[in-house]
Amino acid sequence: MKQGRYSDANLAYEYVAFKSTEQSVITLAKLGRAQVLKKMHAYDRGLKILGTINLISTADSVRPALVYEMVLLSFLNKDYQESLSRGQMGLSLISDTEYEDPVSLLLALAALEELDLMNVNYFGSRYLSNISNQDLRDKLQNQFNSLISKELPKLKDPEKARKWSTIIPGSGQIYAGSIGDGLYNFGLHAVVLGISGWAFLSGYYVSGWLSGATVLQKLHSGGQLRAVDMCEKKNRLLIQEYAQPIQEFLISAKNQTK
Amino acid sequence: MIRKRITLIYILLLWFVGSHAQYVQADFAQHLSDNRYYQEIIDLTDGMSFQISGAKADSLNFYRGWAFFNLQRVPEGIVSFRKIPAHSKLFNRSMFLSAWSSVYLGHHDDARHDLSLIVSPDKIEKELLAIQYSGLHLLNLKADSALLLLNTMSNQASVYDDQIDLLKTYSLETLNFKPKSMAIAGLLSAVIPGTGKVYAGEKGAGIGSLLLLAGMGGMAVENILKSGITSWNSIMFTGLFSLFYLGNVYGSIISIKTYRERFYESKEQAIVATILIPLRDYYR
């Protein structure tokens, strides 16, 4: 459906909500509008619309769809904490409905983004528990358990890297796992110090000290920033290496039942 | 065959018009505005001109302009506001908003033109007009004209005393502003590096320049004394010192220009924000 028609559909739903006096119709219209906004990638606007719906006073038949859209829109908006809290609040409403599986999967993936292993385990297991074939269910559950039982990666502390680089130039980069980068940085410092020292010993006290101090200061602060940057990069890589297999497993798990 | 095609096109046209036109109503546009669904107002009123006329069109054009205004798509807002005819109830409101939008874009003549079109203003609208005009005087650096107008307003009781007082403050600050001399800044930095920047209000930059040039001067002198004036290192350090010295003088002259621009820009932003407040308040 083209973008132009989505905006017409968006207006049409809002018009229905505007004209109607029946609460159930208004709720359905708002839900429809949120779904259209999702298609238009306007996730925060869709969430704003859903936020105006009172879940408690909504009909039982509509609540699971509402919970699903709230969880999905929060997830698409990359607000994983919000997705988790909305899902946890609406959990009882989606049990034994067609939305239980997709919501459980979304919540497991959201928890994985937050490295919240307890919730990854809970929602992932919940997602797998609806497989009717017992043997397959047990097999997938075992695979899932072995994936999440791996220890969380030991992340590097960027502040520690910065402090190491302050004391010994290049050591912060080595701490972050880039030995070559660290040795190169240390080497540069040594060269500049050497040149300044030679100038000083040759009697060029002002030139040696000033030029050496200026260049060293720039190198040193640059090295600290580089150490922090390398640390953060390393952490992103470690998290990705840990989370990706679990993510791929969960997304493809139900394909094995077909 | 041709008849069939024309019938098909007519049916498609009716369907398109019918599907969209039923929502294009002023009360629905107001509902969207009340809920701040501004993008939806724009979608609603896109391509409506061939279908609707009269008071309905005026309301829809106004809401369209209002939506653009709130989405900070100011030029498009001006286009919609100016479509409203003089006999409409929404005309004065539209002209005020169009004028402010022109002020925001820096088109002061357009703003004056829109304000001059306002028809039979009521008591509050007369105050709003005076506030907008005094803002325009200030933005054109005619602080004395602005102050004259504001003092006239102060003599009458006004709902917008806070904004009037603020504009008076800006007028006095503009009148008392001493722009400082670029020549003096340059001369000061030529004699003692960095003092020109201190004169321009940049103490830190001035001290930094002084220390840097002192250091560079020291290196140049040391190399001349140790290696002689014709050695490559003496020439290099002396050349660097000269370059930075000239840069320091030029930088001090430029810092006066920056000082003046910073003052006028900060006043401009404050004035534009101040004259908007009574408009938003009255036309809530």
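**Figure 1. Three domains are assigned in chain B of this predicted model.** Domain 1 of chain B covers residues 1-117, domain 2 covers 121-177 and domain 3 covers 182-268.

**Figure 2. Chain B is built with 14 helices and zero strands.** Read along the sequence, the pattern is α-α-α-α-α-α-α-α-α-α-α-α-α-α. The C-alpha trace of chain B spans about 100 × 65 × 30 Å along its principal axes. How does the radius of gyration of chain B stand against that of a compact globule of 284 residues? Chain B has 30 Å, whereas such a globule would have a value near 19 Å. Of the 284 residues of chain B, 35% count as buried. Now take the contacts in chain B between residues at least 6 apart in sequence. Of these, 56% join residues at least 24 apart.

**Figure 3. B:Ser120 sits in a loop of chain B.** The loop runs between α7 and α8 (123-139) of chain B. Most residues other than glycine have a negative phi. Phi of B:Ser120, however, is positive, near 40 degrees. Is B:Ser120 buried or exposed? B:Ser120 is exposed, because 12 or fewer other C-beta atoms within 10 Å count as exposed and B:Ser120 has 7.

Figure 4. B:Asp162 belongs to helix α10 (residues 161-176) of chain B. B:Asp162 is exposed, with 12 other C-beta atoms within 10 Å.

**Figure 5. Chain A meets chain B.** In this contact, 13 residues of chain A touch 15 residues of chain B. On the chain A side, α1 (3-19) and α13 (205-253) each supply at least two residues. The largest share, eight residues, comes from α1(A). By class, the chain A side has seven nonpolar, four polar and two charged residues.

**Figure 6. Three domains are assigned in chain A.** Domain 1 of chain A covers residues 1-53, domain 2 covers 57-130 and domain 3 covers 158-244. The C-alpha centres of domain 2 and domain 3 of chain A lie 46 Å apart.

**Figure 7. Helices α8 and α9 of chain A pack against each other.** Two packed helices are described by the angle between their axes and the distance between the axes. The axes of α8 (residues 117-128) and α9 (residues 134-148) of chain A come within 10 Å. They cross at roughly 170 degrees. The two helices are therefore roughly antiparallel to each other. Residues from α8(A) in the contact include A:Leu117, A:Val120 and A:Leu128. Among those from α9(A) are A:Leu140, A:Phe144 and A:Ile148. By class, the contact has six nonpolar, four polar and one charged residues.

**Figure 8. A:Lys78 has a positive phi although it is not a glycine.** The value is about 65 degrees. A:Lys78 is found in the loop between α4 (63-76) and α5 (80-89) of chain A. A:Lys78 is exposed, with 11 other C-beta atoms within 10 Å.

Definitions and conventions: Residues are numbered from 1 along each chain as its sequence is written. Chains are lettered from A and ligands numbered from 1 in the order in which they are written. This is a predicted model: local features need pLDDT of at least 70, side-chain atom pairs count only at pLDDT 80 or more; totals for chains, interfaces and linings use all residues. Two residues are in contact if their C-beta atoms, placed from the backbone, lie within 7 Å. Helices (H or I, at least four residues) and strands (E, at least two) are DSSP runs, numbered from the N terminus. Ala, Val, Leu, Ile, Met, Phe, Trp, Tyr, Cys and Pro count as nonpolar, Asp, Glu, Lys and Arg as charged, and the others, Gly among them, as polar. Domain bounds come from an automatic or database domain assignment. The radius of gyration is taken over C-alpha atoms; the globule rule is 2.2 Å times the number of residues to the power 0.38. A residue is buried if 20 or more other C-beta atoms lie within 10 Å of its own, exposed if 12 or fewer, and partly exposed in between; C-beta atoms are placed from the backbone. Axes are lines fitted to C-alpha atoms, for helices over the stretch in contact, and angles run from 0 to 180 degrees between N-to-C directions. Angles under 35 degrees count as roughly parallel, over 145 as roughly antiparallel, 65 to 115 as roughly perpendicular and the rest as oblique.
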